[in-house]
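Let's take a walk through a protein model together. Have a look at the sequence and the 3D view, then read on.

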Amino acid sequence: MKKAEDFSEWYNDIVEKANLTDKRYPVKGMNVWTPYGWKIMRAIDTNIREEFDATSHDEVCFPLLIPEDQFAKEKEHIKGFDTEVFWVTHAGLTPLDVRLLLRPTSETAMYPIFSLWVRSHADLPLKTYQIVNTFRYETKQTRAFIRVREIHFFESHTCHADFEDAERQVREDYEILERLAKRWCIPYKLLKRTDWDKFPGAAYTVGIDTVLPNGRTLQLGSIHQYMDNFSKPYEIKYEGEDGQHRYAHQTTFGMSERLVGAIVAIHGDDKGLVLPPEVATMQAVVIPVLAKGATEAVSQAARELAEEIRQAGIRTHLDERDLRPGAKYYDWELKGVPLRVELGIRDMEKGVVTLVRRDTGEKSLAHRKDAAGAVKDMLDKIAADLLTNAGSIMDASIVTVDSLDDLPDKFIRAGWCGTEECGHRIEDRTERNIIGTPVEGEGFKGMCVVCGKPTTTPVYIARAM
Ligand SMILES: [Zn+2]
C-alpha cells in the first residue's frame, strides 16, 4: 500500500501489519493494545510523567464512575458531553437510585474532591495529573488511535489563586509540550479555538494540531483556561492571606493515544513504521550477517557488539533468528526500528560495522571500536532529521489565501475579522472547519476573507481527520 496514493488505507494497513493493534475485539473503537503497541504508548506515558513530575505536578488516580448529579453541575460542560457518555444504570439487577456515567473526562470526578483539598492560599497552586481510560461514544467511523471510544487519556488539572497564576500555568504547559513534541519528533501548531468550538465550560481552549499527509489536521490535545467557570459550581474556594474567600482559577491539559497515531502517520512510509528513537521499544537492532565457515565467529562477535551498545544505554535487540538477513531487514523496517547495525565477516576483517538508517535507508560505516558511540550519535541525528523534515512538510502544507474559491486540500490560512458571523460564513462556504487562530503572533496583515475588513489575525481552516 502506498502512503502517497491512499493515506487512509495505508494507515489502517500499517497499524495492523506492524502489530500495533488487534482489530478483532467485538466493540468498535475499543483498542486491544498488543505488546508492541503498548510499549510505544508506555514510552510516551513515561515521557509525560517525567515532564510533569519535573514541573511539580503530582500524579493522582480518580474513579472511573461519576454520579449523574455531580456531572450535571456545570451546565455548559454537561451540554457538551451528554450525547457522548456511557451510562451505568444497574447494579446487578437493581436499578441505581443515581445513575453513574463512565468519565468522558475527569473534571466532574475531581472537582468535588478538590473543593475539600483546597481550603487556604497555602494549598495553591494545586497541580495534578492522571493517565486513565476515558469513554466517549464516537458516532463517526472509528480508526485505530485516532477516533476511538475508549480513550487512553492523559489529563492534568490545576487550581490557582487567580487568573494570572492560571495563565502562568498555561504558558508552562506550552513549554512542557514543546519539550515533549521534540522528543517525539512531532511538529504542531497552537491554535486558539473559536468561541463556538471551545471545550464545554472553558473560558478559552488552545488546540494542539498537526497536519497529516492527506492535508487533514489531527488534534493531538488541548490546553484549557477555565477561569472560575468550574470552581463556582463545584465550590473550589480558598481563604486568602487577607481572610477573604475566593474561587480558584483552573486549567487543564489533555492528550491521548492520538500521539501514537500521529507518529505512525507523520513518519511512516511504504515499508512500515518509522519510530522516533525516544519512543522506539528497540532503538537499534544488531543483525549478524552469517557466512559459511565463519558462523560461530560472526555470531559471537555480534553478541559482544549488541551487549556493548546495550551497555551504552541504548535499547538494543540482537536478531539471531535462523532467517536470511533480507527477511530480518523486512521485519525490522516494518516495525520501524530506527537503526540497523549489520556485522558480517568482511566488516570484522576491516574492523567496522555497517549502520543503516530506517528513515532514509542510508548506509554508513563506523569503527568497531567506537560502535556504541556511533550508534548513539546516529540516533540523535535521526531524531533531529525526523523533526526537521516533518516540520518542513507541515510548513509546506500551509497555504495562505485571500479568497475562498478553489481551495486546495491543504491547511488553509486566511484573514478573519474575528466576528462569529464571518467565521460561520467561512465554515459554510469552505465546508471545512475553522481550527483556530495562532497563539503566537504571525505578523499577519491582510483582510477578512469574507467582509474585507483589514485584520492582523489569520485563521486556520481545514478538514479534521
Ligand atoms: Zn469579516
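In what order do the 3 strands of the open sheet come? Keep in mind as you look that this is a predicted model.

The order is β4-β6-β5, and the strands pair in the antiparallel sense. On the edges sit β4 (65–67) and β5 (87–91), each of which pairs on one side only. Going from one strand to the next, the twist averages 45°. As background, strands of a sheet pair through backbone hydrogen bonds, and the pairing can be parallel or antiparallel.

Now zoom in on β4 and β6 (residues 94–102): their antiparallel pairing runs over 3 bridges. Pick out Ile 66 and you'll find that its bridge partner in β6 is Leu 101.

## A helix under cover

Next, find α5 (107–117). Its buried residues are Glu 107, Thr 108, Ala 109, Met 110, Tyr 111 and Phe 114. And what covers them? The cover includes β4 from our sheet, along with α3 (68–71), α4 (75–81), β7, β8 and α7 (231–234).

The peptide bond leading from Leu 124 to Pro 125 is cis, with omega near -5°.

Two other spots are worth a click. Phe 145, in the loop between β7 and β8 (150–160), has a positive phi, near 70°, even though this residue is not a glycine. Glu 431 is not a glycine either, and its phi is positive too, at about 55°; look for Glu 431 in the loop between α13 (420–430) and β22 (433–438).

Are these two buried or exposed? Phe 145 counts as buried because 25 C-beta neighbours lie inside 10 Å, and the cut-off for buried is 20 or more. Glu 431 counts as exposed because there are 8 such neighbours inside 10 Å, where 12 or fewer is the cut-off.

Take Val 375: leaving out residues up to four places away in sequence, Val 375 touches Ala 284, Ile 309, Ile 314, Leu 339, Val 341 and Leu 355.

Notes
Residues numbered from 1 in each chain as written. Predicted model: local features only at pLDDT ≥ 70, side-chain atom pairs only at ≥ 80, totals over all residues. Pairing = 2+ DSSP bridges. Helix = DSSP H or I, 4+ residues; strand = E, 2+ residues; numbered from the N terminus. Axes fitted to C-alpha atoms, helices over the stretch in contact; angles between N-to-C directions. Contact = placed C-beta atoms within 7 Å.
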